[in-house]
Amino acid sequence: MATPAASNTQEALPVFELSAFLALDGQPPTAELQEQCKQLAECLARTGCLVVRDPRVPASANDTFLDMLEGYFCRSEEQKQAEARPDLAYQVGVTPAGVEMPRCVVEPEACKQQLARLQPEQQPTLPTGADAKWRYMWRVGPRPESTQYAELNAEPVVPQGIPQWCAVMDDWGSKLLGAVQAVAAMAALGFGLPADAFTSRMDLGPHLLAPTGSDLHQHGQQGTVLAGYHYDLNFITIHGRTRFPGLSVWLADGRRLPVSIPPGCLLCQAGKQLEWLTGGHVQAGMHEVLVTDATVASIAAAKAAGRSTWRVSSTVFSHIASDQLLQPLGHFAQQPGAAQRYPDTPAGLQVQRELEVIQLKRQ
């Protein structure tokens, strides 16, 4: 069932326990579980976000992952550049700082129109250039034997000198993806769609474990934009806990919410592909990562304890398979204007267009 989160940050977001759904093992859900699925779907539509607890995803695995990525990101820029694959739109390997461009920078007029709907106290800190963060893209799960979108389904890039890399990345990525798949099935049921409406389309998708790395020794000044105000282009993004605060999300009603994920929980955010499949009933969630007062305090604590001051996110981008068609599903297709606003589009083409805008893919 859904229980209130302990943190004030999560007052708007109940914690959805996935245990009962996972225990179904193919059996039809009870009336109580159907109601939970409906509440989960309503929360997604109302806020664009979810907080979930999956008993298969232990905090210890997140810690192992963060420890390894802190070690990787503290390598020299020259050493990390060896893993960059700009010819593959940075969809595998490392994306250096100063490459990814927030949409508000490249499409300022569209951004102004959106921000005009927000109250003054809910405004983001507008970025003025490319993001200060690094990112590593690691493919999660199998890929199709053939696809029209090979660059989105490329072979992984393995850094030298980290023997446990593949095992740790595969383990943590598969755990987060499993949680997203459960959320997707519950949301489908809650929306009155078949349970596999989303998960069948996710099969063989270009899912990515995509941790960011932000050097808070270099970019630790209060107010620094680490990741500018944006939405995610994929289906659903899921986050584990990070060791430094700074992420804020915008709920569907325009409220800005600084995020503090409760212990043992995960944060899900709707991406553009979920918006597409629901004909806009669920909107892709806007968010930013900013150095706040709380971030500065965490930096000071980490320095005092002799810990890394790299802020590593624990993030998986789940995707609809590249060759699947994005289109409003079921009753969502009957919404006025849905077909015009969300025309039938291959998921791979939608991703490519988004990557061009944020300057990760060369046109």
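Predicted model: local features only at pLDDT ≥ 70, side-chain atom pairs only at ≥ 80, totals over all residues.

I begin with helix H10, which covers residues 293-304. Its 12 residues reach 17 Å from the first C-alpha to the last, close to the 16 Å expected. Which residues of H10 are buried? They are Thr-295, Ser-298, Ile-299 and Ala-302. Seen down the helix axis, the buried residues of H10 fall within an arc of 105°, so they line one face. Strand S13, residues 286-290, is included in what covers the buried residues of H10. On the face turned away from that buried side are the exposed residues Asp-293 and Ala-304. After H10 comes Gly-306, with a positive phi near 75°.

I turn now to Asp-215, located in strand S7. Asp-215 is buried and yet has no salt bridge. The nearest side chain of opposite charge belongs to Lys-80, 7.2 Å away. Beyond its neighbours within four places in sequence, Asp-215 is in contact with Gly-220, Thr-309 and Trp-310.

Trp-310 brings us to the aromatic rings, as ring pairs link it with Tyr-72, Phe-73, Tyr-136, Trp-138 and Trp-165 into a cluster. The structure holds 11 aromatic pairs. In one of them, the ring centres of Tyr-136 and Trp-165 are 4.9 Å apart and the planes lie at 65°, so the pair is edge-to-face. Tyr-136 belongs to strand S5 and Trp-165 to helix H7, so this pair ties together parts 29 residues apart in sequence. Both Tyr-136 and Trp-165 are buried.

Conventions
Residues numbered from 1 in each chain as written. Heavy atoms only, no water. Helix = DSSP H or I, 4+ residues; strand = E, 2+ residues; numbered from the N terminus. Expected span 1.5 Å × (residues − 1). Buried < 20%, exposed > 50% of the residue type's maximum accessible area, 1.4 Å probe, protein only. Arc of directions from axis to C-beta. Contact = heavy atoms within 4.5 Å. Lys, Arg positive; Asp, Glu negative; His and termini not counted. Salt bridge = Lys/Arg side-chain N within 4 Å of Asp/Glu carboxyl O. Phe/Tyr/Trp six-rings, centres within 6.5 Å; stacked < 30°, edge-to-face > 60°.
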